[in-house]
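Reader: Please walk me through the charged pairs of this model. I would like each label set against its definition.

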Amino acid sequence: MKILHIDSSVAGDNSVSKKISAAVVAKLTADRPGAEVVYRDLGADPLPHLTLADLADHTVVDEFLSADVVVVGAPMYNFTVPTNLKAWLDRIAIAGKTFQYGGNGPAGLAGGRKVIVASTRGGFYGPDSPISGYELQDRYLQTFFGFLGISDITFIHAEGLGMGPEQRDRAVNSALAATNSLAA
């Protein structure tokens, strides 16, 4: 099994999404000894935003397509994903490689892999929240990966991180506990 581990927080060692995504990868590798892990820290080493010249380089999309499981650390920045994660996503949405257009519209070509997202948020944006309509992070990632043909997507949330230390600890501990029930 090959795991592609992507982190996108700019918070460095203080990143909760990075801590949770690392726990996800630890669980997966414990369940599958010998699994290969490829790691990209887009917060520490961001990809530049996509230009026309970048479309000829398929290094990032080939790395993505070689993975069986993709683990994404995705903090919510301004209701959606960080721009450095968007720059990575732009490089894996390649017509003819991860999707195609046909007579019935677009069709994903990247199915057969699993995506696990470690999602972190300062506030509460779940379905019962009065500001649930502001949540564009999960909806965007679900739509994006679905467009590529990936339907096996799991979200592990840590919400309310900005609501004080007690709530932060509860959210982190709950998310870390949720990693124990994951299966590759």
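Author: Asp62 is partly exposed, at a relative accessible area of 36%. This is a predicted model, in which local features need pLDDT of at least 70 and side-chain atom pairs count only at pLDDT 80 or more, while totals for chains, interfaces and linings use all residues. Residues are numbered from 1 along each chain as its sequence is written, and side-chain values use heavy atoms, with hydrogens and water left out.

Reader: Why is Asp62 called partly exposed?

Author: Buried means under 20% relative accessible area, exposed means over 50%, and partly exposed lies in between (1.4 Å probe, protein chains only). Asp62 has 36%, so the label is partly exposed.

Reader: What makes the contact of Lys97 and Asp62 a salt bridge?

Author: The term needs a side-chain nitrogen of Lys or Arg within 4 Å of a carboxyl oxygen of Asp or Glu. Here N to O is 2.9 Å, so the pair qualifies. Lys97 lies in the loop between helix 3 (83-92) and strand 4 (99-102), and Asp62 in helix 2 (residues 59-65), so the pair ties together parts 35 residues apart in sequence. Helices (H or I, at least four residues) and strands (E, at least two) are DSSP runs, numbered from the N terminus.

Reader: Which label does Lys97 get, buried or partly exposed?

Author: Partly exposed, because Lys97 has 28% relative accessibility.

Reader: How do you know that Lys18 and Asp41 form a salt bridge?

Author: Their closest N and O atoms are 2.7 Å apart. That is within the limit, so the name applies. The pair links distant parts of the chain: Lys18 sits in helix 1 (residues 16-31) and Asp41 in strand 2 (residues 36-41), 23 residues apart.

Reader: Why are Lys18 and Asp41 called buried?

Author: Lys18 has a relative accessible area of 18%, so it counts as buried. Asp41 has 15%, so it is buried too.

Reader: How many salt bridges does the structure hold?

Author: It holds 11. Arg121, Glu135, Asp138, Arg139 and Glu159 are linked in a network of them.
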